[in-house]
Amino acid sequence: MRIAVPAETDPGETRVAATPETVRKFLALEAQISVQRHAGREAGFPDDEFEAAGATIAPDAATACSGADLILKVRRPSLTDLAAFRPGALVVAIMDPYGHEAAIEAMARAGVDAFAMELMPRITRAQAMDVLSSQANLAGYRAVIDAAAEYGRALPMMMTAAGTVPAARIFIMGVGVAGLQAIATARRLGAIVTATDVRPATKEQVESLGAKFIAVEDEEFRQAETAGGYAKEMSSEYQAKQAALVAAHIAKQDIVVTTALIPGRPAPRLISAEMVRAMRPGSVIVDLAVERGGNCELSAAGEKIIAGNGVSIVGYSNVTRLAATASSLYARNLYAFVETLIDKETRTLAPKWDDELVRATLLTREGAVVHPNFQAANPQSIPAA
Ligand code: NAD
């Protein structure tokens with residue numbers, strides 16, 4: 001069983017799909033591992049650590065992937081990446097499949113069996129493979145650290161000889177994994193924290209972390225959670241009520257962190273330019289939904305924008321700025337999944353094609369797009385909730 005870890009080719013990507021720790025674990029399963037030179041450099045894992053763990057360092061992607069049965073990546077392979085993979089190889093990555101059907105087709109044409117880690121079902125057996133949780137948790141933490149660094153005032157209340165400094169007010173919008181970690185981090189830093197979500201289950205979670213819950217709690221709110229635990233897209237009437245509530249609240253906040261997402265849909269727009277104008281100069285917005293279109297009208301992916309009234313709007317890709325921790329957790333998620341694809345007797349890759357985890361994550365197989373959500377006849381479909 002030959003495993004390859006090519007370097008990521010997306011210029012903004014600093015993470016790596018394996019660490020010396022997971023290399024050792026794969027070797028214990030009698031795999032051979034080839035890591036492309038400098039693949040882990042930006043994540044703080046130099047080549048000599050991979051070598052010491054037992055990997056071979058390859059000079060380029062083609063050499064690393066030559067003859068590989070399994071390719072581990074962070075992001076979906078580009079066409080150039082695919083040229084180095086052999087047909088029939090398994091490729092496991094965060095595939096970002098929604099809205100990228102052509103790129104999935106390209107993987108099918110390249111003949112690889114592609115697995116999308118973010119489609120892993122959120123069931124007990126797959127918890128250790130949940131990349132959305134491992135990465136969102138870090139993103140939520142980092143969003144508050146970024147906001148604190150950007151904000152020109154202190155976060156905790158301080159009683160000093162020169163007088164009292166008030167605690168900062170932080171508002172978290174969207175209370176999934178990232179939002180909960182953002183609340184916890186903001187509380188640890190001494191801020192006064194409020195939070196909102198459309199799923200009623202979050203109210204108790206917010207309160208248990210010592211923050212105050214704010215939401216339009218009408219009948220639609222009571223029905224907003226899908227069976228899968230995700231949010232539904234809300235009606236325009238609900239959105240209008242939510243906007244009115246948010247507008248009044250946001251004007252009094254120092255920092256707003258937005259994390260709201262709906263699977264398979266663009267991120268809901270929660271903060272308009274007008275709401276930003278109502279905030280005090282020096283306030284900070286961190287938009288974690290920026291890669292899915294953003295929760296704030298003014299945010300831009302990878303950028304910090306200063307609005308006309310002096311409000312900073314930060315749209316950085318957070319996990320890539322915590323590359324060492326993010327890679328460690330991601331690599332463990334991958335190992336936990338790949339282990340289920342290996343026959344322990346023969347020590348070879350032998351995916352069980354009817355396994356629940358395989359069926360949920362497999363996008364392409366034997367030259368075809370096989371995932372029902374991404375087949376050409378059904379391009380607009382969204383995940384079963
Ligand atoms: P997500 O990233 O899909 O969305 C983030 C949050 O945004 C969600 O809480 C969602 O309700 C909220 N949101 C959507 N539209 C909104 C709007 N208009 N206004 C305000 N908020 C809005 O969510 P996630 O972090 O992936 O978590 C989704 C669910 O999965 C949660 O129920 C979580 O507890 C659950 N989960 C389960 C497991 C497991 O069982 N293994 C692991 C992690 C998360």
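In this predicted model, a backbone N or O atom of glycine 176 lies 3.1 Å from an oxygen atom of the ligand, a polar contact in the sense of a pair of N or O atoms within 3.5 Å. Taken alone, the ligand exposes 840 Å², of which the protein buries 84%, the areas coming from the Shrake-Rupley method with a 1.4 Å probe.

Arginine 199 also forms a salt bridge with glutamate 225, the closest N and O atoms being 3.1 Å apart; the term denotes a side-chain nitrogen of Lys or Arg within 4 Å of a carboxyl oxygen of Asp or Glu. This pair links distant parts of the chain, 26 residues apart, with arginine 199 in the loop between strand 10 (192-196) and helix 8 (201-208) and glutamate 225 in the loop between helix 9 (219-222) and helix 10 (236-250); helices (H or I, at least four residues) and strands (E, at least two) are DSSP runs, numbered from the N terminus. Arginine 199 counts as buried because its relative accessibility is 13%, whereas glutamate 225, at 32%, counts as partly exposed; buried means under 20% relative accessible area, exposed over 50%, and partly exposed in between (1.4 Å probe, protein chains only).

Residues are numbered from 1 along each chain as its sequence is written, and side-chain values use heavy atoms, with hydrogens and water left out. Local features need pLDDT of at least 70 and side-chain atom pairs count only at pLDDT 80 or more, while totals for chains, interfaces and linings use all residues.

Terms used
A polar contact is a pair of N or O atoms within 3.5 Å; within protein, one must be able to donate a hydrogen and the other to accept it, and residues adjacent in sequence count only if both atoms are side-chain atoms.
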